[in-house]
Amino acid sequence: MIIENQIKASVVSAVKKLYATDIAEESVQIQLTRKDMKGDYTIVVFPLLNISKKNPIETGKELGECIQEDCADVSEFEVVKGFLNLQLSTSYWTNLLNENVHNEQYGITEADDKSPLVMIEYSSPNTNKPLHLGHIRNNLLGYSLSRIVSANGNQVVKTNIVNDRGIHICKSMLAWKKWGEGQTPESTGKKGDHLVGDFYVKFDQEYKKEQAALIEAGQTKDEAEANSALMKEAREMLVKWEAHDTEVYGLWEQMNQWVYQGFDVTYKKMGVDFDKIYYESDTYKVGRDMVLEGLDKKAFYRRDDNSVWADLEKDGLDEKLLLRTDGTSVYMTQDIGTAKLRYDDYNIDKMVYVVGNEQNYHFKVLAIVLDRLGLNWGKDLVHFSYGMVELPEGKMKSREGTVVDADDLMQDMINTARDMSKELGKLEGYSEEEAEKVYEMIALGALKYFMLKVDPRKNMTFDPKESIDFNGNTGPFIQYTYARIQSIYRKAKANGIAISDKADLNTELSEKEIQLMRMVSNFPAVVAEAGKVYSPALIANFVYDLAKEFNQFYHESPIAVEEDETKRSMRLLLCKSVGTVIKNGMWMMGVDVPERM
């Protein structure tokens, strides 16, 4: 922020003038003043005592007098122990409001052709089941992150890797072949991803029955698993698929197409998209070839059983399997191949993987392996590691069919939003079609905000009812605040109130108004920090705090009905500025805001 740089420069000048010593601006410790103290910015005096050779109070007083003389925007100062609190003039805040109020892109830095290119991978679904609650958190985090990184002046490519091959896919295929009786999405009226997911569950049910029968016949659990005819058929199907068997490959293409059509509907409803989608069936061969090249270059080694491994002991890790004994690929192989294709397709400066924290070790290994293979950004890849999400009822299991489907959850949220809105009379005067659009906006806003306000590194419990409350730290509360601001503007215009382009610099400001301006001015810094540490939660909680602060101001201060014209004009402009920050902050979370509610 410019004012911070000015204050730092004033501190440097003061130290030179008072103590005949040069210090670097970077060494000046400046922070926002605590809310329970008077002031806007605080200088930490303690590091300067070795230079001043005086106590903290005296040093702070001398610095404060020099800074106030040098920096016209500093109106007052106060020394509290080793801290120098600086208060900015009301004209500074009014001028800052005037500078930013008409900037619709406030807080957003546009990228150009020379900006760094950041690729962000998220979603990564399997084609044997529909997207579920866990995928929702992944998609919402990834999509929000893409917007935050973009808002920090980077070019962004949103990418997805679809896990469309492997034994889990063959389980669904085999179950459909045995018990499907030719069912299709059209014949059943089901979304394709849900239909395929049903057969994944069916396989597990039949597999457990078979195991139980074998154990009852006297076999151990390990023997029953080894002697499973169903699992043997699934493995044989996988071998046929890798050999491009016509029948198996055709069934695979057909069932995957059903799933993709279902995914597209879910992604659209969720409000996320991708610039490029990769498929494991295309990338695993590339990865296999790269591993063999690495083997030739002595980057990896082959064991007696013909499997290929990476020795990572020098890097503080253990050994990692890259190719099985039969030459088939593992997940690491696929990720190597995908990385190579991405590097060929785009000139990547930074690669961010949005993947759950159970894969922390995997990505430590991937970074080292990619670096050994010569991919420049490999060593510096970012694993955006996030915690698991549960419902109040507990964990979910895909194979047992106890997951909460993303489609079902989103529809339940919409139904809840409709019921609550009608009960509270929030959308009176809307046509039925208009109201339905707002119900969906409220529901998805509630879902997204609740998921994103939690520190992504933490596990979380998603409570649908709590998330959709119109009060408290929720998406609907923030959406309603934005709609309230738009309503203030509409009513002012309807009543013929002229809204100035700029506020009078001599306008008297209340502490609440200064606090709102202070928060608005800090928004770009919050966006920068969120981009630096990859945390949508910083944006979410900042926007909530701003909305809460605005509502307190709204209830305490007349705005459009204020009789003093200069105050009224300033307050209307302040409303506009707050509304812009709320809208841009919610945009970074992928949340739409309504013009009225």
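## Helix H12 and the residue after it

Lys-298, which follows helix H12, has a positive phi near 70°. Helices (H or I, at least four residues) and strands (E, at least two) are DSSP runs, numbered from the N terminus. The model is a predicted one, in which local features need pLDDT of at least 70 and side-chain atom pairs count only at pLDDT 80 or more, while totals for chains, interfaces and linings use all residues. Residues are numbered from 1 along each chain as its sequence is written, and side-chain values use heavy atoms, with hydrogens and water left out.

Helix H12 covers residues 280-296, 17 residues in total. Its span from first C-alpha to last is 24 Å, close to the expected 24 Å at 1.5 Å a residue; the expected span is 1.5 Å times one less than the number of residues. Buried residues of H12 include Tyr-284, Gly-287 and Val-291, where buried means under 20% relative accessible area, exposed over 50%, and partly exposed in between (1.4 Å probe, protein chains only). In general, an α-helix has 3.6 residues a turn, so residues three or four places apart point the same way.

Arg-165 lies over the face of Tyr-284, 4.0 Å from the ring centre. A charge sits over a ring if NZ of Lys or CZ of Arg is within 6 Å of the ring centre and within 35 degrees of the ring normal.

## Positive phi in two loops

Lys-81 is not a glycine, yet its phi is positive, about 55°. This residue belongs to the loop between strand S3 (74-80) and strand S4 (83-88). Lys-81 counts as exposed because its relative accessibility is 64%.

Asn-306 also has a positive phi, near 85°, and lies in the loop between strand S8 (301-302) and strand S9 (308-311). Its relative accessibility is 37%, so Asn-306 counts as partly exposed.

## Aromatic pairs

The whole structure holds 20 aromatic pairs. Rings of Phe, Tyr and Trp (its six-membered ring) pair if their centres lie within 6.5 Å; planes under 30 degrees apart count as stacked, over 60 as edge-to-face and the rest as tilted. The pair of Tyr-343 and Trp-377 is tilted, because the planes meet at 40°, with ring centres 6.4 Å apart. This pair links distant parts of the chain, 34 residues apart: Tyr-343 is in helix H13 (residues 331-345) and Trp-377 in the loop between helix H14 (360-372) and strand S12 (382-386). Trp-377 counts as buried because its relative accessibility is 4%.
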